[in-house]
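User: I'm new to this one and would like a walk through its side chains. Could you take me through it step by step?
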Amino acid sequence: NIHCRFGTSHLINATVISGEKIQCKTPSHPFGIVPFVLSSEETDVISNDAVFEFYKPPQIISVYPNSGPNHGNTPVKVHGNFFRSTTEYLCHFGGISVQGEFLTVGSIVCPSPQATTLGDDVVELTITDRGANFTQESVSFSYVQPPTLTSLSPIHVFFEGGDSIAVMGHGFNSTEEVWCRFSPIASASGFANVIKMRANTV
């Protein structure tokens, strides 16, 4: 019989897959890099020059933004703990997976994929590391139809600025921060109702 030992763990029976491959199940172990040893009944030690790393699983705390248009491609920043620069992450928006990009130990960014439905929808966002281990936490991400602009009132004001402009259209979301742009300069806007927002000219 062949056995595996991870650091200070007890001996674990290995499963022989082929003449060139065996399989060992990892035990619970404190995180960190530990020696990995193979042994058999005939030989005390087959190999003792390998190492194995136990690491803390990533955690999700929040995402920003938590919604985006259903055509996708919204950069979604995932805030959490224990992200690693050496690990490949997959972000799962419901049943659709996209590649995540490491930013810091506390964040990664994921581009939202295109929604599977045309209307508004809410999906659960989870993360896997190396495509295997799911985060225990998940957060909701909402797909919304992109807003459309139909008209402005008034369409001309004095150049000094400070006038309120009514922007008419559809699909405005009062739970999101929205900006109006007049030439190169942006101004934070407020809402009058779900299809009408007001902004100050600058």
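Analyst: What follows goes through the core, a salt bridge and some aromatic rings. This is a predicted model, in which local features need pLDDT of at least 70 and side-chain atom pairs count only at pLDDT 80 or more, while totals for chains, interfaces and linings use all residues. Residues are numbered from 1 along each chain as its sequence is written, and side-chain values use heavy atoms, with hydrogens and water left out.

User: Which residues of the largest nonpolar core touch the most other members?
Analyst: That core has 18 residues, and V78, C91, F93, I108, C110, L125 and I127 touch the most other members. A nonpolar core here is a set of buried Ala, Val, Leu, Ile, Met, Phe, Trp, Tyr and Cys residues joined through side-chain atoms within 4.5 Å; buried means under 20% relative accessible area, exposed over 50%, and partly exposed in between, with a 1.4 Å probe and protein chains only.

User: And which strands each supply at least two residues of it?
Analyst: Among them are strand 7 (59-64), strand 9 (75-81) and strand 13 (121-129). Strands are DSSP runs (E, at least two residues), numbered from the N terminus.

User: What does L125 touch?
Analyst: Not counting residues up to four places away in sequence, L125 touches I60, V63, V76, V78, C91, H92, F93, S138 and V139, where contact means heavy atoms within 4.5 Å.

User: New topic: which side chains meet in a salt bridge?
Analyst: The structure holds one salt bridge, in which the side chains of E53 and R84 meet at 2.9 Å, N to O. The term means a side-chain nitrogen of Lys or Arg within 4 Å of a carboxyl oxygen of Asp or Glu.

User: Is R84 buried or exposed?
Analyst: R84 counts as buried because its relative accessibility is 15%, whereas E53, at 34%, counts as partly exposed.

User: How many aromatic pairs are there?
Analyst: The structure holds seven aromatic pairs, meaning Phe, Tyr or Trp rings (for Trp the six-membered ring) with centres within 6.5 Å, called stacked if the planes are under 30 degrees apart, edge-to-face if over 60 and tilted for the rest. The rings of F52 and F54 have centres 5.1 Å apart and planes at 70°, so this pair is edge-to-face.

User: Which cluster holds F52 and F54?
Analyst: F52 and F54 form one aromatic cluster with F6 and F36.

Definitions and conventions:
Helices (H or I, at least four residues) and strands (E, at least two) are DSSP runs, numbered from the N terminus.
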